[in-house]
Amino acid sequence: MWLTKSNLGIMKAFGIGAGEGKGFLGVYAANFFKEGEIVMDLSIGDVSSIRDLRTIELSTRHIDHPFGRYVNHHCDPTCFIDKNRELMIALRDINIGDEITFDYSLNESSIAAPFECSCGAPNCKGVISK
Ligand SMILES: [Zn+2]
C-alpha cells in the first residue's frame, strides 16, 4: 500500500509529523494546493469494519487510509471530504507547512470516540461528539 504507483503523488505531497505544541501526529502540506484542488485520493483506502478516530466515512463505506488516518479534526479546516468522489478537497489555498485537516463532525454521521477539541479556531465547537 505504501509505495505503489497510484499513491506516489500522495507521498510527495505530504509530511506526517508532530505539530508544534501538539502531542500527536498530523499531516502537513509539502506542496501548495489551490482551493478546490484534490488533496488526497481516498479511494485507495482499505475498508474498515470498525469506526474510530482514524477512519473516514465515505458514501458507501468506512475506510482506513495510510495518510488520511493521520489527518486531524479542525473546526475551521483546510479541507473537506467529497464522500461520493472519495476525495479530500482543499477548502482554500493551502501553503507548504499548513496542516491538512477536515471537520470530523461534518463528515461523520457518528463520532465513535467523542473528544474535546483544541484546534484553537475562533469558531471551535468544543466537544466533538455526535
Ligand atoms: Zn475546534
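Residues are numbered from 1 along each chain as its sequence is written. The protein chain has two helices and twelve strands, where helices (H or I, at least four residues) and strands (E, at least two) are DSSP runs numbered from the N terminus.

**Confidence**

- The mean pLDDT of the protein chain, that is, the predictor's confidence in each residue on a scale from 0 to 100, is 87, and 88% of the residues score at least 70.
- Over residues 1–9 the pLDDT is below 50, and this stretch has four contacts in the model beyond near neighbours in sequence; two residues are in contact if their C-beta atoms, placed from the backbone, lie within 7 Å.
- Where pLDDT is low, the predicted coordinates should not be read in detail.
- Among the elements of the protein chain, helix H1 (residues 8–13) has the lowest mean pLDDT, 54, while strand S8 (residues 79–82) has the highest, 98.

**Overall layout**

- Read from the N terminus, the elements of the protein chain follow the order α-β-β-β-β-β-β-β-β-β-β-α-β-β.
- Of the 130 residues of the protein chain, 25% count as buried; a residue is buried if 20 or more other C-beta atoms lie within 10 Å of its own, exposed if 12 or fewer, and partly exposed in between, with C-beta atoms placed from the backbone.
- Among contacts in the protein chain with a separation of 6 or more, 55% come from residues 24 or more positions apart.

**The largest nonpolar core**

- A nonpolar core is a set of buried Ala, Val, Leu, Ile, Met, Phe, Trp, Tyr and Cys residues joined through C-beta atoms within 7 Å, and the largest one here has 19 residues, with Val39, Cys79, Met88, Ile100 and Phe102 having the most contacts inside it.
- The elements that give two or more residues to this core are strand S2 (25–29), strand S3 (38–41), S8, strand S9 (87–90) and strand S10 (99–102).
- Leaving aside its neighbours within four places in sequence, Val39 is in contact with Phe33, Cys79, Met88, Ile89, Ala90 and Ile100.

**Strand pairing around S9**

- S3 and S9 pair in the antiparallel sense over three bridges, two strands being paired if DSSP finds at least two bridges between them, and Ile89 in S9 is the bridge partner of Ile38.
- S8 and S9 run antiparallel and are joined by four bridges, with Cys79 standing opposite Ala90 in S9.
- The hairpin of S8 and S9 has four residues between the strands, and Glu86 takes a positive phi near 60° there.

- Three strands form an open, antiparallel sheet in the order S4-S6-S5, in which the edge strands S4 (46–47) and S5 (56–57) each pair on one side only.
- S5 and strand S6 (residues 62–64) pair over two bridges, and Ile56 stands opposite Ile63 in S6.
- Ser59, found in the loop between S5 and S6, counts as exposed because it has 10 C-beta neighbours inside 10 Å.
- Leaving aside neighbours within four places in sequence, Ser59 is in contact with Lys83 and Asn84; the C-alpha atoms of Ser59 and Asn84 are separated by 5.5 Å, although these residues are 25 apart along the chain.

Conventions
Predicted model: local features only at pLDDT ≥ 70, side-chain atom pairs only at ≥ 80, totals over all residues.
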